[in-house]
Amino acid sequence: MSGYVIEGATGPWELVIGLEVHAQVVSKAKLFSGASAEYGAEPNSQVSFVDAAFPGMLPVINGECVAQAVRTGLGLNAEINLVSRFDRKNYFYADLPAGYQISQFAHPIVGKGVIEIELEGGAIRPIGVTRLHLEQDAGKSMHDQHPALSFIDLNRAGVALMEIVSEPDMRTPEEAGAYLRKLRTIMRYLGTCDGNMEEGSMRADVNVSVRRAGEPFRTRCEIKNVNSVRFVMQAIEAEARRQVEIWEAGGEVQQETRLYDPGRGETRSMRSKEDAHDYRYFPDPDLLPLVIEQAWVDELAAGLPELPDAKKARFMSQYGLPAYDAGVLVMEQATADFYEAVARGRDGKIAANWMLGDFFAGLNRMGRGIADSPVSAERLGGLLDLLADATINGRIAKEVMEAMMETGEEAAAIVEARGLRQVTDTGAIDGAVDQVLAANPDKLAEYKGGKDKLFGFFVGQVMKAMGGKGNPALVNEALKRKL
Amino acid sequence: MTLEFTLSGARDALRARRISSRELTEAHLATIAELEPELHAFITVTPEQALAQADAADAAIGRGEGGPLAGLPVAIKDLFCTKGVKTTAASRILEPFVPPYESTVTANMLRDGAVFLGKTNLDEFAMGSSTTTSAFGPTINPWQRRGSNTQLVPGGSSGGSAAAVAAGMALASTGTDTGGSIRQPASFCGIVGMKPTYGRCSRWGVVAFASSLDQPGPFARTVEDAAILLGSMAGHDPKDSTSVNRPVPDYAAACRRGVKGLRIGIPREYRADGTPAEIEALWNQGIAWLRDAGAEIVDVSLPHTKYGLATYYIVAPAEASSNLARYDGVRFGLRVPANDLTDLYEETRAAGFGAEVRRRILIGTYVLSAGYYDAYYLKAQKVRALILRDFTDAFERVDALLTPTAPSAAFGLGEKSDDPVQMYLNDVFTVPASMAGVPGISVPAGLDTDGLPLGLQVLGRHFDEETVFAVGAALEAAAGFSARPGIRMEAGR
């Protein structure tokens, strides 16, 4: 289907990839306690007695976290389960204060959904979402602070996570990368997860297996806690190659949990199936089943922002953009909003060309993004207005854009100060034309002798003589007349 | 003299200024000092705190203020977290633990002006029916068999709270009931013990044993006193998701309703083989009392009763095995230093938990394990639903049920300790109501041939504590139970 295979010694192998994404819910407070969920505070400064699992403490569900999970489910075109339930996942670890994690095992809040990913060349491929459930994060163990002791920071303990599980629908590292980026875009639009993989607010567990085309699934391995899109793609390829080698050497891949080492570009074993925990899931008796009303879900649905797929379609129809351009512009909500502010009341295509071209190139050069752009949408629009009413020509506009990036000033002010106004005075243009023709008698003779291509040479010379400010249409017209 | 006060009598005397809370509190502290060496009903006694609270109550009463429990000295089961006062759950693993917070139930009582004498003994983590599994030694029942000085257990797990009230060391006390831990010790100690509907009292700040069953409730020497105390303990708590938001009615007023016209069910399955004849006889006597008081007696069936105990001993340990995972030596309580995390867990928990707690953690871990979950835990949950249906079906026909509280009177210290199953059988009449979450009360109704108290149990519909109190009060009036344990008659003489 995708054509992507790993060529082994015995022939091609196809990849089967599924992702489990842990996305930290954007909310002020944790999932079951009133403690702050903010990132980056002093260790153990955001811990309630509930988070630290003191005797007699009880969890109380945070309604905002539930709303965020429902919004995300709606954004994934998924079934919303009006009745869901919290279970306890039991295991001992020093950063898991209660000795169990409250999670949704048997009855998640969100069921089947779908994410459409766009592949190179513009093909759209649907990737199934199996489920989304709410659960608590654990704390953080630090083993490098003391020679003999481990330190525990419980700030993160109890923070709400959404675990989003995909179907094993992906077949290439690129598809996995596209899935992650798309999921992140959707959640950022919804404001339900900031998608910041470096800070750990979005992490992926990657399930990989290989098979011959047409075969049923073979044994998979799970690569835990990969924290960037690039590493996910690298880890998939490294793991798939490892599995191909094992199968081709006559061995058998063992189901196990592995870690990706980006430095060595390989995965290594973390624990085998035999060492796997028996989590002894059972319904948490401290919490009632989570029951929500369809009317409330409808209310949340009505309050959702326009999502990237819909926005892309609208950009294509409303502004006449090609699919690729629209796709790039909707990748981040802020970019799309910026674009719309520029395009409003102007030519949408020209606005897109300028944003995707010189504007983005300028930002890249400066290492900046939309959020800290030195040029606001309003001022970029101002530049396009000068172009549209022929105050300046396209070449000058590029120069003005560069000046705007450097100074942050308005386009009109730069044009005035630097005298970049386009010359439309036909007398001045005719004068320049006469001057160029007089200075190049040989070229003139060649042109007259039938060398039409030299017309461009004359345009260039005239513009040069006018400091680039000549109105291109009028220059053309004058030249045609005189030649 | 103060020892003969009921809670309501003491309240009236305080309001009439016939006695001060300080006098009342000092008298109880004196009784504690006198009897504690023999009974060991308390893990911690807090005389200074009690006297300070008494003085504050006296001042409030003097101003014409003071809540429903103002100045009344009571005891608290050492399973309720009390701010600044160590809370052990009778376990080594929590021996050094001083909570920085107050449980909702005890906070409600403090709001109403109660005086806390101290923290009472219990089976470790409330796991037991005898208060012998306490890490700090057993509590002794203030009652003895006629002509015998054999030490008897007070029942459990809330044995310290029951013994303290029976012996006059406190006017009333709090307990928690998971499978009978209030009702059975009330029966063994000749006092009243009430387990409210699951969800009626907040569990917030109560050290958890089995979360879907645990429910705080009162001990007192009269039904009305238990009603007064429950009125203070009960109420909705947003910090406990299983707490129910409905108004707290006037339980004391319900005690005066009478039983005329009520339909009282007699569940035939409770006529178990091996129940002593005198308990059977007392039950029949109770039926006659209620009939004479104007109630209609109806035979009913609770067909899944026989599965109650087996089901309970799967569900409760399963929840306990998870609830007790937090006692790991990392953040609070006991820590046995070790070289790595696994050793820290193993050594801390081995040193911190007693044999019965370890047994239940093992059972609970087993029944939740992969491959056994369906056969044990899941099946137990299904049976639990059937037990609940038994009760809801019965309560369509009757207003309350009457049964014995326990299959025996208090037994001797060490008599059943060798065989855990024998010990578990003590809960046979109390466990089904716990599984169903319905309210129940044990009322002292008579003495056995050895002169030991026996209780009768009244069970009611969910959140219909009022009918339970009404029937309990009718039994109390008819029984005229006035016997007192020997030790109490000696004390203060």
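**Chain contact, domains and a sheet in a predicted model**

Between the two chains, 34 residues of chain B and 25 residues of chain A take part in the contact, two residues being in contact if their C-beta atoms, placed from the backbone, lie within 7 Å. This is a predicted model, in which local features need pLDDT of at least 70 and side-chain atom pairs count only at pLDDT 80 or more, while totals for chains, interfaces and linings use all residues. Residues are numbered from 1 along each chain as its sequence is written, and chains are lettered from A and ligands numbered from 1 in the order in which they are written.

**Side of chain B that touches chain A**

- α10(B) gives the most to the side of chain B that touches chain A, with three residues.
- The residues on this side of chain B comprise 18 nonpolar, nine polar and seven charged (Ala, Val, Leu, Ile, Met, Phe, Trp, Tyr, Cys and Pro count as nonpolar, Asp, Glu, Lys and Arg as charged, and the others, Gly among them, as polar).

**Domains of chain A**

- Chain A is divided into domain 1 (6-299), domain 2 (306-418) and domain 3 (426-482), with bounds from an automatic or database domain assignment.
- The C-alpha centres of domain 1 and domain 2 of chain A are 37 Å apart.
- Domain 1 of chain A puts eight residues into the contact and domain 2 of chain A nine residues.
- On the side of domain 1 that touches domain 2, β6 (113-118) and α2 (173-190) of chain A are the elements that give two or more residues.
- α2(A) gives the most to that side of domain 1, with four residues.
- The residues on that side of domain 1 are two nonpolar, three polar and three charged.

**Sheet in chain B**

- An open sheet of 11 strands with mixed pairing runs in the order β1-β3-β2-β4-β6-β5-β10-β11-β9-β7-β8 (chain B); two strands pair if DSSP finds at least two bridges between them.
- β1 (42-45) and β8 (296-300) of chain B are at the edges with a single partner strand each, so one side of each has no neighbour in the sheet.
- From one strand to the next, the twist averages 30°.
- Strands β2 (residues 73-77) and β4 (residues 172-177) of chain B run parallel and are joined by two bridges.
- B:A75 has B:S173 in β4(B) as its bridge partner.
- Helix α3 (residues 47-62) of chain B lies across β1, β2 and β3 (115-120) of chain B, at about 155° to β3(B); axes are lines fitted to C-alpha atoms, for helices over the stretch in contact, and angles run from 0 to 180 degrees between N-to-C directions.
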